[in-house]
Amino acid sequence: MEDRSDLSRLMPLLQAADRVVASTGSGISAESGVPTFRGKDGLWKTYRAEELATPMAFEHNPHLVWEWYDWRRQLMAAKEPNAGHRVLAEWAESFPSFSLITQNIDGLHAKAGSRNILELHGNIWKLRCTQEGTLTENYDVPLEEMPPLCSQCGSLLRPHVVWFGESLDMDILRQSTQLSSDCDIMFVVGTSAIVQPAASLPMAALEAGAKIVEVNPEPTPLTPHAHFSFRGKAGEILPQINDSLKQVRKIGLPR
Ligand code: BJW
């Protein structure tokens, strides 16, 4: 059986690839110290998602939900991107076309230097007026008023994130689906691959004939479908892949 973690098999594909997409989840930020959602140290081992990350929870108790987000903002503000984020930022210049799609709201890809990031689940550093829908960037930690109110109309602000049962931004989802269906290689990094519709993007890529490269210390529902499966941390595996790619570009593929 083929070794699905064989870098020498991946290199020719990567060297020839014109359109590369990376789709990331909370696992890529784990080495920066941002907790993932599920798993043994996941955020929701301590906080129940149904209580906090839903529109109903916010309607019922905005103060409690905002306390959770304010705590997470404080935690994230102090974190720095890691080697995994930095490789993906570098890849914008390494391929004819490179696109970055993330489920993360922490802003660490941007902090690493990535641009034009498709943020499927929003961004914790943006606040949205519940009345007018206007967006404001806000980096205050902790927030000055709790819960925060719109400076224009005085209505309640909410985090600009996508909660369970809410629709994703249609334009971002459309672009992400299009890029996934049009790529040669898709890297799927640090996601449990269970939350929809994000989990459907690699399947769209697969159906369109792309190669799937998964980077995750644990198996996921995507693993059986992936052409390559690197079982390890993003901050270690992505630099290894990047170093091999640079080597191959410099001295050519071994005969
Ligand atoms: C490492 C690592 C290292 C660790 N290196 N890797 C039944 C009822 C109601 C709804 C549904 C239903 N069935 C399906 C749905 C739809 C629902 C859904 O998918 N639910 C599933 C749980 C089944 N989806 C939605 O509701 C979405 N909207 C939607 O579908 O609208 C239409 C609709 C409406 C109503 C009904 C049905 C359809 C919206 C989803 C929004 C998700 N929002 C959150 C919160 C964002 C805000 C916030 O952060 O507070 O997004 S939930 C949470 O999960 C967050 C994440 O982006 C998302 C994905 O998590 P992720 O990133 O994969 O993290 P983990 O923890 O799951 O995995 C981490 C991975 O990293 C692990 O695999 C580790 O091994 C790995 N790892 N260290 C690399 N160093």
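This is a predicted model: local features need pLDDT of at least 70, side-chain atom pairs count only at pLDDT 80 or more; totals for chains, interfaces and linings use all residues.
1. Surroundings of the ligand. The shell around the ligand consists of 32 residues, and the closest of these are Arg38, Tyr69, Arg72, Ser192 and Gln196. By residue class, the shell divides into 14 nonpolar, twelve polar and six charged residues. The space that the ligand takes up is the largest pocket.

2. Placement between domains. Residues of the shell come both from domain 1 (7-34 + 81-121 + 168-251) and from domain 2 (39-78 + 127-161), so the ligand lies between the two. Among the helices, H2 (27-30) and H6 (62-77) each supply at least two residues of that shell.

3. Two of the pairs involve the protein backbone: a backbone N or O atom of Val162 lies 2.8 Å from a nitrogen atom of the ligand, and a polar backbone atom of Glu166 is 2.7 Å from a nitrogen atom of the ligand.

4. Cis peptide bonds. The bond from Val141 to Pro142 is cis, with omega near -5 degrees, and Pro142 is found in the loop that runs between strand E5 (135-137) and strand E6 (157-161). Gln196 and Pro197 are likewise joined by a cis peptide bond, for which omega is about 0 degrees; here Pro197 belongs to the loop between strand E7 (185-189) and helix H10 (200-207).

5. A positive phi. Asn116, a residue other than glycine, has a positive phi near 55 degrees. Asn116 is found in the loop between helix H8 (108-112) and strand E3 (118-119). As background for this point and the one before it, most residues other than glycine have a negative phi, and most peptide bonds are trans.

Technical notes:
Residues are numbered from 1 along each chain as its sequence is written. Side-chain values use heavy atoms; hydrogens and water are left out. A residue is near a molecule or strand if one of its heavy atoms lies within 4 Å of it. A polar contact is a pair of N or O atoms within 3.5 Å; within protein, one must be able to donate a hydrogen and the other to accept it, and residues adjacent in sequence count only if both atoms are side-chain atoms. On a 1 Å grid over the protein atoms alone, a cavity is a set of points where a 1.4 Å probe fits but cannot get out, and a pocket is an open set with protein on both sides within 12 Å along at least five of seven lines; lining residues have an atom within 4 Å of a point. A molecule sits in a cavity or pocket if more than half of its atoms lie within 2 Å of its grid points. Helices (H or I, at least four residues) and strands (E, at least two) are DSSP runs, numbered from the N terminus. Ala, Val, Leu, Ile, Met, Phe, Trp, Tyr, Cys and Pro count as nonpolar, Asp, Glu, Lys and Arg as charged, and the others, Gly among them, as polar. Domain bounds come from an automatic or database domain assignment.
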